[in-house]
Amino acid sequence: MPLKPFIMLDAMADLTSLDDRDALLISLGISLQEIFDLERVDFYHCRPSTEHPQAVWQIKKTLSLANGEIQQAWQWRPQNTLNSDSADFDPILKSALSDLNTAESIHFRLVRTLKMNDQPHVLIDCQGKHLFKQTDLRALQGMTRIYENHISLLKYSETDTLTGLLNRKTLERHFQKIMGSQEKTHAISIEDASAIEENNRRSQQEDDSYFLAVMDIDHFKRINDQFGHIYGDEVLLLIAQLMQASFRSGDYLFRFGGEEFVILMGPQGESSAIFAVERFRERVAQTTFPQVGQVTISIGFTRLLHSEVLSTVLGRADEALYQSKSNGRNKVTIAPVDTLNIHHPVNGSIELF
Ligand SMILES: Nc1nc2c(ncn2[C@@H]2O[C@H](COP(=O)(O)OP(=O)(O)OP(=O)(O)O)[C@@H](O)[C@H]2O)c(=O)[nH]1
């Protein structure tokens, strides 16, 4: 197969114009198929396993392009856990992938790792009927390097430099994405009778939804005034680290402003989301911050409804946060939503208004 430099240049120009991670991978997959005449391309996300020592990785197949179709999946599959104590991830992965995917028509396969911050992040499994030549390998390497550089720049531009959380300007995009996936679930349930049944069964069992919490450090000005801005910054950083340790990896964590944070949570049942924010409030209150001592936070919490805009949801959560502040701080307040079936507080620090 001769290389197709113009298609490759077009592909790279398309790739570097995107900022949505899923769209980026789809664009890369389509380009790889076209340039290397592949039968299929599978993408796997990988991360170090939290339940195991460091050398163990989990992978999940997130995207498949084959026969003109694109399939996406999101669930981590613990059975796809790999043992790896090698810095070179590819050979181990290759054998693991051959267990996962053994289509008969595939003759040649090439597995590559995409890295983010020097860690394996995405694995590409390219499969075709033609032998990969040395020039193909060089071209693929060049394309993956451009992808990695683009992802690093994107990540840098989306991150709050002090805390490492997502910055404010990315909130709208993540919110839109969540809203999009809610609408998609809804659309599927209308089209497909068995999906309706399944959806109803799931919502009866789990009442899955998305939630937004706004969180503000109490009397932060006093902390700055009493201990100085360096210690104030240290508190912000430690709170961000507590957030990362407390919330699920699928939740989005933002530093929204000076001492204000936003958490986009879900999908999950309402009681589990309330439990998570309340547990976080308690964890902060029980932490001793260097030099500063005790710090508390106030939280406003709300469910996301279909087709809502971000400003409406933020307004509702902010109102609830204001109530938490007015009622003595160190509290979680749940904002009422018309269609919301409000649960009663699980303890005295949660309020409804
Ligand atoms: N150290 C530090 N302080 C910041 C940063 N951004 C904002 N601040 C400070 O955060 C403080 C926020 O104070 P206020 O809005 O009055 O709120 P508060 O003192 O937390 O009082 P309540 O919210 O009512 O509990 C101000 O003193 C800001 O200067 C930052 O990045 N680092």
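Analyst: Here is a walk through that meeting place, with its charged pairs.

First, some ground rules. This is a predicted model, where local features need pLDDT of at least 70 and side-chain atom pairs count only at pLDDT 80 or more, while totals for chains, interfaces and linings use all residues. Residues are numbered from 1 along each chain as its sequence is written, and side-chain values use heavy atoms, with hydrogens and water left out.

The domain assignment, which is automatic or comes from a database, gives domain 1 as 5-158 and domain 2 as 168-352. Where they touch (contact means heavy atoms within 4.5 Å), domain 1 brings 6 residues and domain 2 brings 5. Together they bury about 490 Å², with carbon and sulfur atoms giving 32% of that; buried area is the accessible area (1.4 Å probe) that two parts lose on being put together, summed over both. On the domain 1 side, Asp 20, Ser 157 and Glu 158 supply 57% of the area buried against domain 2, more than any other three residues.

Now for the charges. A salt bridge here is a side-chain nitrogen of Lys or Arg within 4 Å of a carboxyl oxygen of Asp or Glu. The rule finds 3 of them across the interface of domain 1 and domain 2.

Let's zoom in on two pairs. Arg 173 and Asp 19 meet in a salt bridge at 3.9 Å, N to O. Asp 22 and Lys 177 make another, at 3.1 Å. Asp 22 sits in helix H2 and Lys 177 in helix H5, so this pair ties together parts that are 155 residues apart in sequence. Helices here are DSSP runs (H or I, at least four residues), numbered from the N terminus.

How hidden are these side chains? Arg 173 has 24% relative accessibility, so it counts as partly exposed, the class between buried (under 20%) and exposed (over 50%), using a 1.4 Å probe and protein chains only. Asp 19 is partly exposed at 37%, and Lys 177 is partly exposed at 32%.

Technical notes
Helices (H or I, at least four residues) and strands (E, at least two) are DSSP runs, numbered from the N terminus.
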